[in-house]
Amino acid sequence: MAPQMIFVNLPVKDLDASKAFYEQLGYTINPQFTDETAACVVISDTIFAMLLTEEKFLGFAAPGKVISDATKATEVMCALSAESREKVDELADKALAAGGSPAQQPIDMGFMYGRSFSDLDGHHWEVVWMDPAAVQG
C-alpha cells in the first residue's frame with residue numbers, strides 16, 4: 001500500500017513571490033502541477049503545499065465561502081517535524097530571511113523544541129523537534 005500523502009491548499013496573493021519564498025526555504029516546485037494559477041511545493045515525498053491564486057482557490061471552496069485573511073485570523077496551523085533542534089532553527093531562520101514573520105515565541109520544553117513563522121500571506125507554520133526517547137515512552 002502506498003503511503004498516504006497530504007496536499008495543503010493555500011490561497012496566495014502573488015504566486016511568483018510565494019513560489020520564491022518556499023524555494024528560499026529549500027523546497028522545490030513540481031512543474032507537472034504548476035501553471036500561472038497554481039504551484040506545487042514539494043516539502044517531502046508525502047507532503048505538498050499547493051499554492052493557489054485566490055481566484056483558483058475560490059473555485060475549489062464551498063459555494064458562498066470567502067478566503068480568510070490569514071494576517072488577521074487563524075485559519076489553520078501547519079506543523080512540520082524536524083530531525084533536530086538545529087534543523088528547526090535552520091528552517092525558521094530561512095523563512096524569516098525570505099520575508100516571513102514570527103508567528104509565536106519559540107517553545108523549549110527540553111524534550112521538545114519548536115519555532116513558528118507566517119509566510120507571505122500570513123499562513124501559520126510550526127516547525128517542531130521532539131526527542132525520540134520522549135516519543136517512545
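Tutor: Two strands pair if DSSP finds at least two bridges between them, and strands themselves are DSSP runs of E with at least two residues, while helices are runs of H or I with at least four, numbered from the N terminus. This is a predicted model, where local features need pLDDT of at least 70 and side-chain atom pairs count only at pLDDT 80 or more, while totals for chains, interfaces and linings use all residues. Residues are numbered from 1 along each chain as its sequence is written, and side-chain values use heavy atoms, with hydrogens and water left out.

Student: What makes β1 and β4 a pair, and in which sense do they run?

Tutor: Seven bridges join β1 to β4 (residues 47-53), in the parallel sense; the definition asks for at least two, so they pair. One of these links is between valine 12 and its bridge partner in β4, threonine 53.

Student: Why are β1 and β2 said to stand at the edges?

Tutor: The open sheet has four strands in the order β1-β4-β3-β2, with mixed pairing. β1 (6-12) and β2 (28-30) each have a single partner strand, so one side of each is left without a neighbour in the sheet.

Student: Why is the pair of phenylalanine 21 and tyrosine 22 called edge-to-face?

Tutor: Rings of Phe, Tyr and Trp (its six-membered ring) pair if their centres lie within 6.5 Å; planes under 30 degrees apart count as stacked, over 60 as edge-to-face and the rest as tilted. Here the centres are 5.1 Å apart and the planes stand at 85°, so the pair is edge-to-face.

Student: What makes tyrosine 22 and tryptophan 125 edge-to-face too?

Tutor: Their ring centres lie 6.1 Å apart with planes at 70°, so this pair is edge-to-face. It links distant parts of the chain, with tyrosine 22 in helix α1 and tryptophan 125 in strand β9, 103 residues apart. Ring pairs link Phe21, Tyr22, Phe117 and Trp125 into a cluster.

Student: Why is leucine 96 called partly exposed?

Tutor: Buried means under 20% relative accessible area, exposed over 50%, and partly exposed in between (1.4 Å probe, protein chains only). Leucine 96 has 31%, so it is partly exposed. This residue lies in helix α3 (residues 85-97).

Student: How do you know that arginine 85 lies over the face of tyrosine 113?

Tutor: A charge sits over a ring if NZ of Lys or CZ of Arg is within 6 Å of the ring centre and within 35 degrees of the ring normal. Arginine 85 is at 4.4 Å from the ring centre of tyrosine 113, and lies over its face.
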